[in-house]
Amino acid sequence: MTSGTSIKNVVFDMGNVLMTFDGPYFSTLFTDTPEDAELLNAALFGSTTWSLLDSGTISHETMARVAAAHLHERLHPNLRECLRHWPEHSAPIEATNDLAIRLKGEGFGIYLLSNANTRVMEQLSHAPALPFLDGYVISAEERLMKPDPAIYRLLCDRFELEPEECLFVDDNADNCEGARVAGMHAFHYRDNIAELEANVRLLS
């Protein structure tokens, strides 16, 4: 990164930064017992196959089939309902959405970079910050995933951003490191909104 360069853009992750993503909680909404919720979560959100969905290398139909293979048949209706409706229960994180909207009003560019599947808008549509985004890049649409530096560079190339003028915000430390490798500033978000805003002010 270029020393002394001020940031002009803030790039937000989605899951657990702008929107909640809580597989164990979502699973409780589509089952009747804690035991069944645990089984559903393990087969779906907690499965390593979920990352393949976010990478765009498998379809939702394949994800459903793989998850069903790990569940008793009696839970297959629960699985189908969960797959169909869980995005409706992903809630906006008020503090980060408010910050994004305020920063946009102050003249910052506001972007989204998320490891998410092709149905991402069903989840992101609940985010108050969505209308204020200047652009977004979604892993499943690009067949690239954080923390690969290539996806951060793709964002910058697509929207003509200088990496050293961007602050990337993610709840995953590895993803933050990927951003740094790509030349961005990065902030590891852990519900520390005051620290995040202070970091924005310091760098700008």
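Here is a short chat about how to read the strands, helices and cores of this predicted model.

Colleague: Could we zoom in on one pair? How many bridges join β4 to β5?

Modeller: There are 4 bridges between β4 (residues 166–170) and β5, and the two run parallel. As an example, Asp 170 has His 188 as its bridge partner in β5.

Colleague: Next, the inside. Which residues have the most contacts in the largest nonpolar core?

Modeller: The general idea goes like this: in soluble globular proteins, nonpolar side chains tend to be buried together. In this model the largest nonpolar core has 27 residues, and those with the most contacts inside it are Val 10, Phe 12, Ile 110, Leu 167, Val 169, Leu 196 and Val 200. At least two residues of this core come from each of β1, α6 (94–105), β2 (109–114), α7 (120–124), β4 and α11. There's also a second, separate core of 18 residues, with Leu 40, Ala 43, Trp 50 and Leu 83 among them.

Colleague: Let's pick Leu 167. Is it buried or exposed?

Modeller: Leu 167, which sits in strand β4, has 0% relative accessibility, so it counts as buried. Leaving aside neighbours within four places in sequence, Leu 167 is in contact with residues including Val 10, Phe 187, Leu 196 and Val 200.

Colleague: Now helices. Which residues of α2 are buried?

Modeller: Start with the general rule: an α-helix has 3.6 residues a turn, so residues three or four places apart point the same way. In helix α2 (residues 34–43), the buried ones are Asp 36, Ala 37, Leu 40, Asn 41 and Ala 43. These residues lie on the same side of α2 because they cover an arc of only 165° around the axis.

Colleague: What's on the face turned away, and what covers the buried residues?

Modeller: The face turned away from the buried side carries the exposed residues Pro 34, Glu 35 and Glu 38. Covering the buried residues of α2 are elements that include α1 (23–28), α4 (60–69) and α5 (76–85).

Colleague: One more helix, then. What do the buried residues of α9 pack against?

Modeller: First find them: in α9 (residues 149–158), Pro 149, Ile 151, Tyr 152, Leu 154, Leu 155 and Cys 156 are buried. The buried residues of α9 pack against β1, β2, β3, α8 (139–142), β4 and α10. Keep your eye on the chain just after α9, too: Glu 160 takes a positive phi of about 55° there.

How values were computed
Residues are numbered from 1 along each chain as its sequence is written. This is a predicted model: local features need pLDDT of at least 70, side-chain atom pairs count only at pLDDT 80 or more; totals for chains, interfaces and linings use all residues. Side-chain values use heavy atoms; hydrogens and water are left out. Two strands pair if DSSP finds at least two bridges between them. A nonpolar core is a set of buried Ala, Val, Leu, Ile, Met, Phe, Trp, Tyr and Cys residues joined through side-chain atoms within 4.5 Å. Buried means under 20% relative accessible area, exposed over 50%, partly exposed in between (1.4 Å probe, protein chains only). Contact means heavy atoms within 4.5 Å. The arc is that of the directions from the helix axis to the C-beta atoms.
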